[in-house]
Amino acid sequence: MARWLLTGGAGYIGSHVARQLLASGVEVVVFDDLSTGIAKRVPASAELVVGDVANTDLLTETLREQQIDGVIHLAAKKAVGESVDRPLYYYRSNVDGLLSVLEAMALTGVPRIVYSSSAAVYGEPDLALIREDSGTVPTNPYGETKLFGELAVRAQARALATRSIDEELLGPCPSGLSFVLLRYFNVAGAGSPDLGDPSVANLIPLALRAIADGNAPKIFGDDYPTPDGTCIRDYIHVADLAAAHVAAVQRCQSADVGAVHATYNVGRGLGSSVREVLEVVNEVVDCDVSPISVPRRAGDPAALVADPRLISAELGWRAELGLADMVRSAWAAWNNHDQA
């Protein structure tokens with residue numbers, strides 16, 4: 001049976017991935033520093049190792065002792081606005097963290113990685129639907145760190161394939177590296193009421209919190225070059241995103257080491273503006289609260305919508321749930337008092 005390490009597995013996305021991996025028959029070891037993750041969200045059948053991914057020694061020890069077949073690397077900081085204000089913090093957390101993971105994998109011979117990337121790598125694309133071969137010019141430090149991460153994974157795969165890596169690593173070091181880079185679009189919803197999104201930066205939980213507190217939801221900028229002036233995003237249900245990880249793991253496990261080098265968008269191929277999302281929120285919550293407009297957040301592109309055809313063709317994955325499903329499940333989780 002395959003055994004995978006899941007960094008950030010106690011977090012919002014990670015806890016969904018852990019459950020679906022286990023349901024698919026993959027054994028899971030969660031590695032999380034619990035800075036934002038919640039220990040009780042880790043399934044009872046998954047082992048939890050508490051640690052920082054920057055601790056290469058602990059990662060190496062965990063990979064070796066747990067006899068890990070592959071790594072899903074989710075652990076990262078992800079707020080666009082915060083990344084603009086604290087770029088060095090984001091580079092240190094996201095880039096250094098991934099480099100530590102890749103080094104530990106090389107030291108222990110672990111030959112497979114699924115890397116959590118982001119649509120933020122595309123910046124301000126000029127395509128209605130963004131393909132994986134679209135240009136990557138991020139507009140914020142968060143997107144830059146994710147792009148650097150992709151480049152690092154690809155470079156390591158090339159080095160392992162040609163055996164040009166440092167001689168001191170050539171003992172357990174694998175003869176190749178299989179990787180899948182998943183470029184998430186906007187993740188929302190909850191797979192169950194106990195796995196809600198605790199983020200203070202994502203649109204739907206922000207709106208639900210505002211309404212629950214008797215306040216008007218905020219629109220960060222209403223002067224974008226879009227039909228209604230607000231940002232357009234491709235929203236993907238977190239349960240669908242977790243299923244994409246399972247498909248990526250299965251692809252890596254089914255092929256020879258070093259044979260899988262793939263990059264996929266994970267989205268629905270449908271854009272929704274901030275105003276449209278807030279209209280759905282009003283319908284689900286059964287209220288009629290008018291949002292208020294406030295200044296733009298730094299680093300936010302006008303529109304990001306995926307072309308998801310490649311992952312459908314190669315992995316057989318496609319999103320099953322819509323925006324209303326995301327909002328309904330997020331509202332159910334919001335009303336679950338035991339989600340924290």
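I began with the negative patch: helix α2 (residues 56–65) gives it its largest share, 3 residues. The model I am reading is predicted.

I listed the members of this surface patch of negative charge as D57, E61, E65 and E103. I placed D57 in helix α2. D57 has a relative accessibility of 63%, so I noted it as exposed.

Next I turned to the salt bridges. I noted a count of 11.

I looked up E27 and found a salt bridge to R3, with 2.8 Å between the closest N and O atoms. E27 is in strand β2 (residues 27–32) and R3 in strand β1 (residues 3–7), so I logged a link between distant parts of the chain, 24 residues apart. Is R3 buried or exposed? R3 counts as buried because its relative accessibility is 18%, and the cut-off for buried is under 20%. E27, at 30%, counts as partly exposed.

I then checked D194, which forms a salt bridge with R19; their closest N and O atoms are 2.7 Å apart. This pair also links distant parts of the chain, 175 residues apart: D194 sits in the loop between β7 (186–188) and α6 (203–212), R19 in helix α1 (residues 12–23). I have both as partly exposed, D194 at 29% and R19 at 33%.

My last pair was D223 and R296, whose side chains meet in a salt bridge at 2.9 Å, N to O. D223 lies in the loop between β8 (218–220) and β9 (232–237), and R296 lies 73 residues apart from it in the loop between β12 (292–294) and β13 (303–304).

Finally, I noted one network in which salt bridges with shared partners join R3, E27 and E47.

Terms used: Residues numbered from 1 in each chain as written. Predicted model: local features only at pLDDT ≥ 70, side-chain atom pairs only at ≥ 80, totals over all residues. Heavy atoms only, no water. Patch = residues over 30% accessible without salt bridge, like charges linked within 9 Å, V, L, I, M, F, W, Y side chains within 5 Å. Areas by Shrake-Rupley, 256 points an atom, 1.4 Å probe, with all protein chains shown as cover. Salt bridge = Lys/Arg side-chain N within 4 Å of Asp/Glu carboxyl O. Lys, Arg positive; Asp, Glu negative; His and termini not counted. Charge placed at Lys NZ, Arg CZ, Asp CG, Glu CD. Helix = DSSP H or I, 4+ residues; strand = E, 2+ residues; numbered from the N terminus. Buried < 20%, exposed > 50% of the residue type's maximum accessible area, 1.4 Å probe, protein only.
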